[in-house]
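Hi,

Here is the structure I promised to pass on.

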Amino acid sequence: QVQLVESGGGLVQAGGSLRLSCAASGRIISINAMGWYRQAPGKQRELVVDISSGGSTNYADAVKGRVTISRDNSKNTVYLQMNNLKPEDTAIYYCYARVQTWLSGSHKGYWGQGTQVTVSA
């Protein structure tokens, strides 16, 4: 089994910054895509940004210029640096990774438990 454990959420004022982390653990052979999604109350889960194993990124228009994703492949960890946060960024942020394990024949998707980010006006 694979576990994704997020940390770094919290309450911040508009214009502030937060850094989220997500560490994958388990019987992992390799991880290709990793990323962050978010879900605000009453809304569908949406992509914030993802990053390939080679470092290619895909940012949602709503966060471009304010958010930076990075990953440390040696630690199976992905980070999300969020700056100039806005009240509309308030949501539960979920980590996602496509992981190949010793039990699976191919990469499968896994989700973290989510971390709350609240931005006050």
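**Salt bridges**

Asp-89 and Arg-66 form a salt bridge, with their closest N and O atoms 2.7 Å apart. By salt bridge I mean a side-chain nitrogen of Lys or Arg within 4 Å of a carboxyl oxygen of Asp or Glu. This pair ties together distant parts of the chain: Asp-89 sits in the loop between β8 and β9, Arg-66 in the loop between β6 (57-59) and β7, and 23 residues separate them. (Strands are DSSP runs of E, at least two residues long, and helices are runs of H or I, at least four, numbered from the N terminus.)

Before going further, some housekeeping: this is a predicted model, so local features need pLDDT of at least 70 and side-chain atom pairs count only at pLDDT 80 or more, while totals for chains, interfaces and linings use all residues. Residues are numbered from 1 along each chain as its sequence is written, and side-chain values use heavy atoms, with hydrogens and water left out.

Back to that pair. Asp-89 is buried because its relative accessible area is 2%, and Arg-66 also counts as buried, at 10%. The cut-offs are under 20% relative accessible area for buried, over 50% for exposed, and partly exposed in between, using a 1.4 Å probe and protein chains only.

By the rule above, the model has four salt bridges. Another of them joins Glu-46 to Arg-38 at 2.8 Å, N to O. Here Arg-38 is buried, with a relative accessible area of 7%, whereas Glu-46 is partly exposed at 38%. Through shared partners, Arg-38, Glu-46, Arg-66 and Asp-89 belong to one salt-bridge network. Lys-64 and Asp-61 also meet in a salt bridge, at 3.1 Å, N to O, and this Asp-61 is exposed, with 65% relative accessible area.

**The disulfide**

How many disulfides are there? The count comes to one, taking a disulfide as a pair of cysteine sulfur atoms within 2.5 Å. It joins Cys-22 to Cys-95, with the sulfurs 2.1 Å apart. Cys-22 is in strand β3 and Cys-95 in strand β9, so this link spans distant parts of the chain, 73 residues apart. The torsion about the S-S bond of Cys-22 and Cys-95 is about -80°, which means the disulfide is left-handed. Are the two cysteines buried or exposed? Cys-22 is buried at 0% relative accessibility, and Cys-95 is buried at 0% as well.

**The nonpolar core**

A nonpolar core here is a set of buried Ala, Val, Leu, Ile, Met, Phe, Trp, Tyr and Cys residues joined through side-chain atoms within 4.5 Å. The largest one has 30 residues, and those touching the most other members are Leu-4, Trp-36, Val-48, Val-78, Leu-80, Met-82 and Tyr-93. Two or more residues each come from β1 (2-7), β3 (18-26), β4 (28-39), β5 (46-51), β7 (67-72), β8 (77-82), β9 (91-101) and β11 (115-120). The biggest contributor is β9, with five residues.

Setting aside residues up to four places away in sequence, Tyr-93 touches Glu-6, Leu-20, Trp-36 and Val-48, among others. Contact means heavy atoms within 4.5 Å.

Glu-6 lies in strand β1. Glu-6 is buried yet has no salt bridge, and the nearest side chain of opposite charge, Arg-45, is 7.7 Å away. (Lys and Arg count as positive, Asp and Glu as negative; His and the chain ends are not counted.) What does the side chain of Glu-6 reach? It reaches the backbone nitrogen of Gln-113 at 3.1 Å, and one of its polar atoms lies 2.7 Å from the backbone nitrogen of Gly-114. Polar contacts are N or O pairs within 3.5 Å; within protein, one atom must be able to donate a hydrogen and the other to accept it, and residues adjacent in sequence count only if both atoms are side-chain atoms.

Met-34 is in strand β4 and counts as buried at 2% relative accessibility. Met-34 and Arg-71 are 37 residues apart in sequence, with their C-alpha atoms 8.2 Å apart.

Ala-14 is in the loop between β2 (10-13) and β3, and is partly exposed at 42%. Its C-alpha is 37 Å from that of Gly-26, 12 residues apart along the chain.

Cheers

Conventions: Lys, Arg positive; Asp, Glu negative; His and termini not counted.
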